[in-house]
2 protein chains.
Amino acid sequence: MGGSLAWALKGQVNSLMAADPDSHTRDQVRSAGLVESIVENPEEILPLSDVVILAAPVGSILELIPKIPDWHPGQAIVLDLGSTKEQICKQLEKLPSRFDVLGGHPICGQVQGGFEHANPDLFRDAIFAFSDLSNTSARCRRFGEDLAASIGAIPSWIDPIQHDYILSATSHLPYILAAALCLNTPEGSILYRGPGFESSSRLASTNRRMMFDVLNSNRHNILQQIDQFKYILEEFKDLLQQENNPKLLALMDRAAAIQKETTREVL
Amino acid sequence: MGGSLAWALKGQVNSLMAADPDSHTRDQVRSAGLVESIVENPEEILPLSDVVILAAPVGSILELIPKIPDWHPGQAIVLDLGSTKEQICKQLEKLPSRFDVLGGHPICGQVQGGFEHANPDLFRDAIFAFSDLSNTSARCRRFGEDLAASIGAIPSWIDPIQHDYILSATSHLPYILAAALCLNTPEGSILYRGPGFESSSRLASTNRRMMFDVLNSNRHNILQQIDQFKYILEEFKDLLQQENNPKLLALMDRAAAIQKETTREVL
């Protein structure tokens, strides 16, 4: 995500610097010539930055935020790109007032992490969710809108708690379903996993560390979604068992209608 | 499916004729110039056919099979393309011995039916499942293999009961999950349904009649899959609640490994 953002921003900002703990990633970024410098420790580049963007799994972002005041002596906008927002925004809100903070989450659905999958068009037409906090300035809000526009994304403002609730239904539950679907495959089924299985199971390959942090940082919402989902499965089961065809067809139609109202149609 | 097959076969067979109960579809097929003739009633073209291919929802195929002996006075290969195989193969087996019968199911995952979505490349690299029956001749088996090869598909032979069991896990359960996922979306979630939601929910738009017939003709397997699936969801829920991170990560890894072993890697 960080690599995709740097690539999408290249040529549109004065200077791009990056930090990554992985030496292989640093080598890749260096050979791609995307940034002016890439270092191991954020403290080497933070004092020079007007804008600090935290692109990492949720757990890493939560560890990085409290260190920013020690690393950066001056003023800066601090934006994160974490997949869940409640815990991160709480941390961002605790930063000293010289930091102008903003929670962010580009909803791009990239399954595979790593710089080798970086893609400057990742954000095109994607929703970029932003959460403004009690200490977010009007300037920082405008920065968010401008950033989204400059990478072709569509900004959308949302409360962090609401974000995590909605995403538990539209993103985190789908991961659990994809993983459970894979775990449910019978022996000898490989040849018979067609395009339907492929799209349904795709999210099971989501970057492990990223998804693990999502599950842990949004546990209560995800547990609720699993319970609700089991209830809907039970509804399908009952209608099938009772051979209640009119109600089964009505349920199928309702699901198809919801599937069809996509993001793009609404915008 | 019938339109896609006709298109894929065009130029490779002496003559193609088609029957469709829908006059709009007949008009479309006629203007596309894909077949020599397209009629309303199969009985008009069946007597002229060496090979009869039944491309329709499972329920329609089950209604058509017993009528074939009245419509066709001579010998013919009869192949169906239905999504479930047990009920259809039982019917095919009952046809008089002048018919050489074969169950078939190209696993292409086409969600939208109708001639407007016909695509001659639909079968390319797809598995074409075949079920040979007690009355299937060696010649008819070779016909299946040749047919698959001529449209770029990969033939795979499977027992009808095993087919329906495996497909309940790899195709029919995924439909139920996609539909239930849609039904579970909260108010105000439209903007936050990203690419992950789109791929996970895609099957909820599967052609209604086709899927309804699948659910009804494979009810016992699908009910079993729903129960097993709920058990796996419960496993995820327990591990999340207990914060059992090692076991949760192990489960995630197992799911990702299964997702990665795709059909193509195996072949």
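Start with chain A and select S3, S4, S5, S6 and S7: these five strands form an open sheet in the order S3-S4-S5-S6-S7, with mixed pairing. (Strands are DSSP E runs of at least two residues and helices H or I runs of at least four, numbered from the N terminus; two strands pair if DSSP finds at least two bridges between them.) Strand S3 (51-54) and strand S7 (154-157) of chain A are at the edges with a single partner strand each, so one side of each has no neighbour in the sheet.

A word on the source: this is a predicted model, where local features need pLDDT of at least 70 and side-chain atom pairs count only at pLDDT 80 or more, while totals for chains, interfaces and linings use all residues. Residues are numbered from 1 along each chain as its sequence is written, chains are lettered from A and ligands numbered from 1 in the order in which they are written.

Next, zoom in on S6(A) and S7(A), which run parallel and are joined by four bridges. Pick A:Phe128 and you'll see A:Pro155 of S7(A) opposite.

Now show both chains. Here 76 residues of chain A are in contact with 75 residues of chain B (contact: C-beta atoms, placed from the backbone, within 7 Å). Colour H7(A), which gives the most to the side of chain A that touches chain B: 16 residues.

Conventions: Two residues are in contact if their C-beta atoms, placed from the backbone, lie within 7 Å.
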